[in-house]
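Student: Could you go through this structure with me? I'd like to ask about a few places in it, one after another.

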Amino acid sequence: MELWFNEFHTPDVRHGIRVDRHLFSQKSDYQQIDIFETPEFGRVLALDGSVMLTERDEFIYDEMITHVPMAVHPNIRDILVIGAGDGGVVKELTRYSQVERIDLVEMDAEVLSACQAYLPENSSRLNDSRVHIFYDNALRFIRRRTNQYDLIIVDSNDPFGPSEGYFTREFYGICYNALKDDGIMVNQQGSPFFSHDADAMQRSHQRIVSTFPISRVYQAHIPTYAAGYWLFGFASKKYHPIDDLDAERWLGYHFKTDYYTPKLHVGAFYLPAFLERMLQEVE
């Protein structure tokens with residue numbers, strides 16, 4: 001008998017992945033955690049029935065949420081990462097030698113533990129001496145920080161359930177306060193394709209625009225996410241994501257990447273017409 005993992009993107013649309021083995025299943029205090037071994041996508045992490053990452057395509061998400069701000073801000077030293085218990089975002093950030101501190105705030109310790117056991121490549125840099133892990137509610141954690149971070153990366157789940165509080169005007173306000181005078185916040189904005197996700201994306205964008213003087217949306221194509229089309233938000237107190245891109249400086253790091261390039265960086269901010277209209281409606 002074949003085993004399939006099915007994620008419903010809408011009541012009428014589902015995405016199925018054939019599964020070889022169900023490696024891990026646990027109900028934590030916050031959510032259902034599952035890890036599958038699949039022939040096409042390698043190991044898959046799902047939370048509450050939604051795919052968070054696969055070994056096959058996680059590099060797209062991790063590279064686009066980290067290298068975009070790192071290529072714009074000239075002097076990122078102190079970073080806050082919210083969520084990202086799998087460790088993939090942290091792994092990308094630790095490639096930068098100038099980074100001095102990475103605070104990782106993860107609500108669910110069981111996610112981190114499961115990923116260390118079953119996704120060791122992703123979590124391989126969580127023991128870096130610059131990484132400090134806090135098991136805490138991110139809103140409570142950030143309220144105690146003011147003018148502290150050069151970069152905040154919000155790598156949360158979708159804006160439903162345990163992560164709903166990470167998409168509110170209050171949350172973006174306390175992120176603004178926790179950033180230094182030239183700080184940047186980057187967050188995942190979901191998919192604009194299906195109506196339920198699109199409404200949540202518009203609400204989030206409207207709240208960010210009302211909080212930060214510079215706010216832009218950029219895109220990436222991730223096969224296992226809803227509609228294969230994903231958005232990120234770039235919010236800044238000072239830097240423009242294209243005008244202040246320093247491609248020469250970034251290329252000087254000589255990083256090997258599989259998705260991100262400075263040329264792609266620029267192109268990612270040029271959005272299709274339907275999405276431009278959706279954003280303009282709430283700006």
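**Cysteines, helices, strands and loops**

Tutor: Let us begin with the cysteines: a search of the whole structure, which is a predicted model, finds 0 disulfides.

Student: Ok, and is Cys115 buried or exposed?

Tutor: Cys115 has a relative accessibility of 0%, and because buried means under 20%, it counts as buried.

Student: What about Cys175, buried or exposed?

Tutor: Cys175 also counts as buried, since its relative accessibility is 0%.

Student: Switching to helices now. At what angle do α6 and α9 pack?

Tutor: Helix α6, which covers residues 195-209, packs against helix α9, residues 273-282, at an angle of about 50°, and their axes are 9 Å apart. Those two values are given together because two packed helices are described by the angle between their axes and the distance between the axes.

Student: How many of the contact residues are nonpolar, polar or charged?

Tutor: The residues of the contact of α6 with α9 divide into 6 nonpolar, 3 polar and 1 charged.

Student: New topic, strands. Where is Ile79?

Tutor: Ile79 is in strand β7, which runs over residues 78-83. With a relative accessible area of 0%, Ile79 is buried.

Student: And what does Ile79 touch?

Tutor: Leaving out residues up to four places away in sequence, Ile79 touches Met70, Leu93, Val99, Arg101, Ile102, Asp103, Tyr149 and Leu151. For a sense of distance, Ile79 and Ile142 are 63 residues apart along the chain, and their C-alpha atoms are separated by 12 Å.

Student: Which strand is Ile184 in?

Tutor: Ile184 lies in strand β11, residues 179-190, and at 0% relative accessibility it counts as buried. Not counting residues up to four places away in sequence, Ile184 touches a set of residues that includes Pro69, Val72, His73, Asp150, Leu151, Ile152 and Phe234. The C-alpha atoms of Ile184 and Gly267, 83 residues apart along the chain, are separated by 20 Å.

Student: Let's do loops. Where is Asp48, and what is its phi near?

Tutor: Asp48 is found in the loop between β5 (42-47) and β6 (50-54), and its phi is near 50°, a positive value in a residue other than glycine.

Student: How do Asp48 and Ala227 count for accessibility?

Tutor: Asp48, at 42% relative accessibility, counts as partly exposed, and Ala227 is partly exposed with a relative accessible area of 38%.

Student: And Ser156, where is that, and is it buried or exposed?

Tutor: Ser156 is found in the loop between β10 (149-155) and α5 (169-178), and at 8% relative accessibility it counts as buried. The C-alpha atoms of Ser156 and Phe167, which are 11 residues apart along the chain, are separated by 9.3 Å.

Student: Last one: where is Gly87, and what does it touch?

Tutor: Gly87 sits in the loop between β7 and α2 (88-93) and is buried, with a relative accessible area of 1%. Setting aside residues up to four places away in sequence, Gly87 touches Asn122, Ser123 and Leu126. Gly87 and Ala220 are 133 residues apart in sequence and 20 Å apart in space, C-alpha to C-alpha.

Technical notes. Residues numbered from 1 in each chain as written. Predicted model: local features only at pLDDT ≥ 70, side-chain atom pairs only at ≥ 80, totals over all residues. Heavy atoms only, no water. Axes fitted to C-alpha atoms, helices over the stretch in contact; angles between N-to-C directions. Helix = DSSP H or I, 4+ residues; strand = E, 2+ residues; numbered from the N terminus. Nonpolar A, V, L, I, M, F, W, Y, C, P; charged D, E, K, R; others polar. Disulfide = S-S within 2.5 Å. Buried < 20%, exposed > 50% of the residue type's maximum accessible area, 1.4 Å probe, protein only. Contact = heavy atoms within 4.5 Å.
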